Amino acid sequence: MSNTLTREKKRKLQEKDKGIIDFIKIQNHFFPDLIKSLEAVQDPRHQSYTTYDTDTLLFPVILKNIFSLHTMREMNDWFYDGNCHANLEKFTGKKIPDIPHYDTVNDFLEMLSPDELDEIRVEMVRQLIRSKNFYPARLPGGQWLLILDGTGLHHFEERHCENCLVREIIDKQGKKKKVYSHHVLEAKLVLADNIIISLGTEFIENEKEDISKQDCEINAAKRLMGRIKKKFSRLKLCILGDSLYAAKPIIDICSGYGWNYIFNCKDGRQKNLIQDYAYILGSGEYGEKKNLLQEEKGYAKYVNHVEELTGKDFIANIFEYEYVKKIKNKDTLVRFQWLTDIELNNRNMEEMVRTGRKRWKIENEGFNNQKNGIYKIEHLNSHNPNAMKNHYLLTQIADILMQLYLAGHKILKMLKQTIKNTSSRLLETFRRATVSDEDVSYIVRYTTVHFT
Ligand SMILES: [Zn+2]
């Protein structure tokens, strides 16, 4: 097939694209019980006052994210129209009095425990891991790649809640000033080069207003790793992270849990190890491999067990990679350096370099996509700290569905349309399409989804 589609071919493909119906089909293929589990969350509401089941409150918010609607008001404006009500009934398989108002949804999200949504995501990830579709993404030793990455979500001029992180800054007039914020730490699982999903979330926040030491990314990482070990006790993992994580407490947790690690270590922490690595390079006692990663024709060097020279009690195999990249027509040397407990050799060097750089890719694309792409995760859908968390988790669940849809839908791959257009098309079909019983049976029919 040629790369450019004729207008005629494109039109024919677009006709075959059933939009939201195909989306729900892929959702149903991987997670046939998703709606049921949204219905089964522990409901904190006073039962005599409830009009809506929990799935009819939660599923519209998932759809809101997929459709790239950025405010709760927009969700209502769009959903109170066309066939949305009837279609929501088809997709949830039940009669619904109406599309719920966003105040009703937010009231519920203020009460619902975020652990409930976390548990649904845990079950989704387990199903994906079991499906064997994604085994090729593992390292040769069977380890799944898990990337730790933190970011700021919301910033406030005034204290927003008792859990806010507080930082003192000097403003433009030279005055000391406090700023308040909410941050989050993600553990992203690599299922394929184009499918990197949230496996776990830890909110970086203070337990209460009066504390001497602010919560931080490293402490959040310790909590998150502990929870992941509990939920996925037998999963083989290799943890990836930036140089912040190349710290003994984190490395000790990895070793204790039987997880491998690959951390950036170009600068910052582990100065002594890096110095000793450079010293060993100077003595010529290192391994090397040339012409890596196809057109990059990069160059890698490595030394195993630098810790023996430095006197550390954890394994520190260090490797580096460099290649020449044209940046603004100038040849620029790009260099990476990592620390790992995986034994390095000429056979695995190329794979190790490729793996190390996956984290770099997520740093540049992961949160950036969620902030500036279709979800706009920095937008506040509620000021309530508990509802904020639930909104965030529902976005991560929506993102899992969206990534599987984008990667698994044959026609979308051929159309090569932007994610923004795909998102609009999904909303349009949710509003316009009449979902027939035939469509519903199409949705539940078993098919194989190919990720290539
Ligand atoms: Zn706050």
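Four donors count as tetrahedral if all angles lie between 85 and 135 degrees. Keep that in mind, everyone, as we look at the zinc ion in this predicted model. The angles among its four donor atoms run from 100 to 125 degrees, so the site is tetrahedral.

Which residues supply those protein donors of the zinc ion? They are His160 through ND1, Cys161 through SG, Cys164 through SG and His182 through NE2. The distances to the zinc ion are 2.1 to 2.3 Å. If you like to read sites from the sequence, the spacing of the donor residues is H-C-x2-C-x17-H.

Now, buried or exposed: what about histidine 160? Its relative accessibility is 19%, and the cut-off for buried is under 20%, so histidine 160 counts as buried. Cysteine 164 counts as buried too, because its relative accessibility is 0%.

Let's step back to the domains. Domain 1 comes in two segments, 7-114 and 384-444, while domain 2 covers 134-372. Between their C-alpha centres there are 33 Å.

How do these two domains meet? On the domain 1 side, twelve residues are in contact with 20 residues of domain 2. Together the domains bury about 1,300 Å², and carbon and sulfur atoms give 65% of that area.

For the polar side of the interface, five residue pairs are in polar contact, with both residues at pLDDT 80 or more. And how many salt bridges are there between domain 1 and domain 2? The count is one. If you have the model open, have a look at glutamate 205 and lysine 389, whose side chains form a salt bridge at 2.9 Å, N to O.

Thanks, everyone!

Notes:
Residues are numbered from 1 along each chain as its sequence is written. This is a predicted model: local features need pLDDT of at least 70, side-chain atom pairs count only at pLDDT 80 or more; totals for chains, interfaces and linings use all residues. Side-chain values use heavy atoms; hydrogens and water are left out. Donors are N, O and S atoms within 2.8 Å of the metal (3.2 Å for Na, K and Ca); water is not among the atoms, so sites may look incomplete. Four donors count as tetrahedral if all angles lie between 85 and 135 degrees; four count as square planar and six as octahedral if opposite donors are over 155 degrees apart and all others between 65 and 115; anything else is irregular. Buried means under 20% relative accessible area, exposed over 50%, partly exposed in between (1.4 Å probe, protein chains only). Domain bounds come from an automatic or database domain assignment. Contact means heavy atoms within 4.5 Å. Buried area is the accessible area (1.4 Å probe) that two parts lose on being put together, summed over both. A salt bridge is a side-chain nitrogen of Lys or Arg within 4 Å of a carboxyl oxygen of Asp or Glu. A polar contact is a pair of N or O atoms within 3.5 Å; within protein, one must be able to donate a hydrogen and the other to accept it, and residues adjacent in sequence count only if both atoms are side-chain atoms.
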